[in-house]
Amino acid sequence: MADYKISDLSANGTLTDADLLELEQPGETAGTRSRKMTLASLLAWILGKTHAMTAAINEARATAIASASTCDIGAVAGNFVHITGTTPITAFGTVQAGTRRVVCFDGVLTLTHNGTSLILPTGSNITTAAGDTAVMVSEGSGNWRCVGYQRASGAALVGSSAAPKITSTVTSNTITPDGDTDLVRPSASLAAGLTIANPATTPADGAGFVVDLIDNGTSRALTWGSKYATRMAALPTATTAGKRHRIGFEYNSADDKLYCMYAAVAP
């Protein structure tokens with residue numbers, strides 16, 4: 001066990017907890033210093049004090065990691081990390097309890113809810129969208145709790161009583177929905193052909209919207225963006241004169257397609 005004075009600390013990088021540190025008092029000289037404590041005791045004394053922070057804490061951003069069944073965010077070298085890929089996630093790895101990570105999802109994937117190991121705010125699975133963020137806190141033993149989730153679109157995780165989002169603006173005979181649109185309804189009866197463009201943002205997997213339209217008494221051509229495709233019903237290529245149309249779509253992230261699930265025409 002070595003014996004050092006405080007001023008020796010910077011020159012001795014191999015101090016152990018048991019090494020004695022001399023506390024210099026006024027008038028004392030080398031060899032007569034009366035107060036000593038171990039390094040461990042000194043650190044405990046320092047950490048036991050209350051210290052006021054006078055500057056910002058600048059946390060590091062970690063290198064992005066790929067999604068996996070166990071996506072080990074606890075092992076990354078930073079508190080903020082992007083997760084790439086589309087592989088479903090069932091666990092976030094093992095790290096000490098209290099560890100916090102802010103994650104940003106770069107793609108569409110499924111977070112699988114588990115009441116012990118991956119506790120999500122909805123109590124059910126969450127399908128991410130590019131740009132979604134979450135705050136995850138470790139509860140130890142490989143268990144994590146999501147204490148905050150924000151969709152890039154601003155939409156709620158669960159349904160609410162809010163009014164549906166309606167896209168109605170037609171520009172140059174084209175209407176462009178958003179990824180979180182509920183209803184596409186041109187503001188006026190069609191007096192010309194209409195192009196329904198691909199959504200401006202990517203919908204969540206399984207999400208969709210309804211296109212509701214009617215012409216002005218003359219059949220009008222309908223043109224669809226490249227992401228629209230036939231599934232349960234064929235994409236209509238023209239309106240039936242004077243009849244209202246309701247056409248429903250569901251987004252499939254694996255195919256990157258909005259599939260037509262029904263196409264109804266008023267009798």
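Predicted model: local features only at pLDDT ≥ 70, side-chain atom pairs only at ≥ 80, totals over all residues.
Visitor: Which residues make up the covered face of strand S10?
Guide: Strand S10 spans residues 133–140. In a regular strand, side chains alternate between the two faces of the sheet. In S10 the uncovered face holds Thr-133, Val-135, Val-137 and Glu-139. The covered face holds Ala-134, Met-136, Ser-138 and Gly-140.

Visitor: What is the bridge partner of Val-103 in S10?
Guide: Strand S6, residues 100–105, runs antiparallel to S10, and five bridges join them. In S10, Val-103 is bridged to Ala-134.

Visitor: How many bridges pair S10 with strand S11?
Guide: S11 covers residues 143–150 and pairs with S10 in the antiparallel sense. One of the bridges links Val-135 to Gly-148 in S11. The count for S10 and S11 is seven.

Visitor: Which residue in the turn of the S10 and S11 hairpin has a positive phi?
Guide: Two residues lie between the strands of this hairpin. A phi of about 60° belongs to Ser-141.

Visitor: Why does Arg-220 count as having no salt bridge?
Guide: Arg-220 sits in the loop between strand S16 and strand S17, and is buried. A salt bridge needs a side-chain nitrogen of Lys or Arg within 4 Å of a carboxyl oxygen of Asp or Glu. Arg-220 has none, because the nearest side chain of opposite charge, Asp-215, is 6.2 Å away.

Visitor: Which backbone oxygen does the side chain of Arg-220 reach?
Guide: Leaving aside neighbours within four places in sequence, Arg-220 has contacts including Leu-190, Ala-191, Gly-193 and Thr-239. At 3.3 Å, its side chain reaches the backbone oxygen of Ala-191.

Methods:
Residues numbered from 1 in each chain as written. Heavy atoms only, no water. Buried < 20%, exposed > 50% of the residue type's maximum accessible area, 1.4 Å probe, protein only. Helix = DSSP H or I, 4+ residues; strand = E, 2+ residues; numbered from the N terminus. Pairing = 2+ DSSP bridges. Lys, Arg positive; Asp, Glu negative; His and termini not counted. Polar contact = N/O pair within 3.5 Å; in protein donor to acceptor, adjacent residues only side chain to side chain. Contact = heavy atoms within 4.5 Å.
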